[in-house]
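Here is a short walk through one model, for a reader who has not seen it before. The sequence and the structure come next, and the explanation follows them.

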Amino acid sequence: MTGAQIGASVLAAIVVAQAIALWVLARRLTAARNDADELRRRLDTRQLLVSGSTKAVKTVWQTASILRRDGLGAAVRSSIEELADWAEVERPDLARLAPGGRVAIMFSDIEESTALNERIGDRAWVRLIGKHDKAVRRLADAHQGYVVKSQGDGFMIAFARPEQAVRCGAAIQRSLRNQPNGIRVRIGIHVGKSVLRGDDLFGRNVAMAARVAAQAAGGEILVSDAVRDAVADCDDIVVGPGRQAQLKGFTGSFELYPVRTAR
């Protein structure tokens with residue numbers, strides 16, 4: 001074999017080797033692209049569930065996710081706290097609800113839901129959460145409330161006026177009376193300047209509403225003195241005697257008031 005023939009053979013071998021390398025690289029890139037597309041699809045599906053496009057599916061997914069990740073206690077213990085933390089970070093824009101710059105914030109969750117979960121079982125619990133979710137959303141809509149966020153068995157709902165929040169809370173409590181499984185919801189309401197992004201009062205007032213809810217007993221609606229003053233002229237709202245409470249993250253003691261509606 002001449003030198004030219006040897007050189008041609010070597011060159012041909014190099015070309016073949018490069019072609020194989022390029023083919024392997026192309027296959028790997030295609031596989032990586034397919035993996036990325038699959039990951040993106042899964043993330044999009046998860047985001048779809050979280051976004052609330054299907055409310056019932058979202059509720060089940062959120063509850064199951066919390067139970068799987070943190071156990072039964074976390075779904076209850078963290079519901080109001082996680083909602084308040086989320087609002088502090090995300091600063092949802094509520095300006096359209098409050099032309100005057102003040103918003104009534106309601107937090108609610110199910111009292112002793114861990115014990116209730118254990119008593120009725122996980123499947124019944126998830127069904128109960130779904131029914132509770134639908135009822136709270138329906139009554140919020142009926143009282144011109146806006147569901148800012150739900151987490152597990154907890155809700156954060158905004159209203160333009162505090163009397164709307166109180167009446168909605170009373171409707172929720174009435175709807176739960178004589179219900180099976182002994183479900184009892186605690187509700188807390190505070191009103192304040194909660195609209196402007198970047199305003200420190202946003203976080204303070206949201207946190208205050210969450211702390212008020214944490215002080216409420218099952219079946220009770222508890223409000224701050226700001227709400228008490230705002231509903232003083234409402235004939236259908238009855239305010240009970242106040243009680244002193246220490247609120248986590250706030251200095252001093254605060255007067256909180258149980259409320260109900262006359263009808």
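A residue is called buried when its relative accessible area is under 20%, and exposed when that area is over 50%. The model described here is a predicted one.

Start with Val148, which is part of strand S2, the stretch covering residues 146–151. Val148 has a relative accessibility of 11%, so it counts as buried. What does Val148 touch, leaving aside residues up to four places away in sequence? Its partners are Trp86, Pro92 and Leu94, together with Met156, Ile157 and Ala158.

Next, turn to a pair of helices. Helix H6 spans residues 122–142 and helix H7 spans residues 162–176. The two pack at an angle of about 145°, and their axes are 9 Å apart. Their crossing is right-handed. On the H6 side, the contact is made by Val136, Leu139 and Ala140. H7 contributes Cys168, Ala171, Ile172 and Ser175.

How many aromatic pairs does the structure hold? There is one, and it is formed by Phe250 and Phe254. The two rings are arranged edge-to-face, with 5.9 Å from centre to centre and 85° between the planes. Phe250 and Phe254 are both buried.

Definitions and conventions
Residues are numbered from 1 along each chain as its sequence is written. This is a predicted model: local features need pLDDT of at least 70, side-chain atom pairs count only at pLDDT 80 or more; totals for chains, interfaces and linings use all residues. Side-chain values use heavy atoms; hydrogens and water are left out. Axes are lines fitted to C-alpha atoms, for helices over the stretch in contact, and angles run from 0 to 180 degrees between N-to-C directions. Helices (H or I, at least four residues) and strands (E, at least two) are DSSP runs, numbered from the N terminus. A crossing is left-handed if the near helix is turned anticlockwise from the far one by less than a right angle, and right-handed if clockwise. Contact means heavy atoms within 4.5 Å. Buried means under 20% relative accessible area, exposed over 50%, partly exposed in between (1.4 Å probe, protein chains only). Rings of Phe, Tyr and Trp (its six-membered ring) pair if their centres lie within 6.5 Å; planes under 30 degrees apart count as stacked, over 60 as edge-to-face and the rest as tilted.
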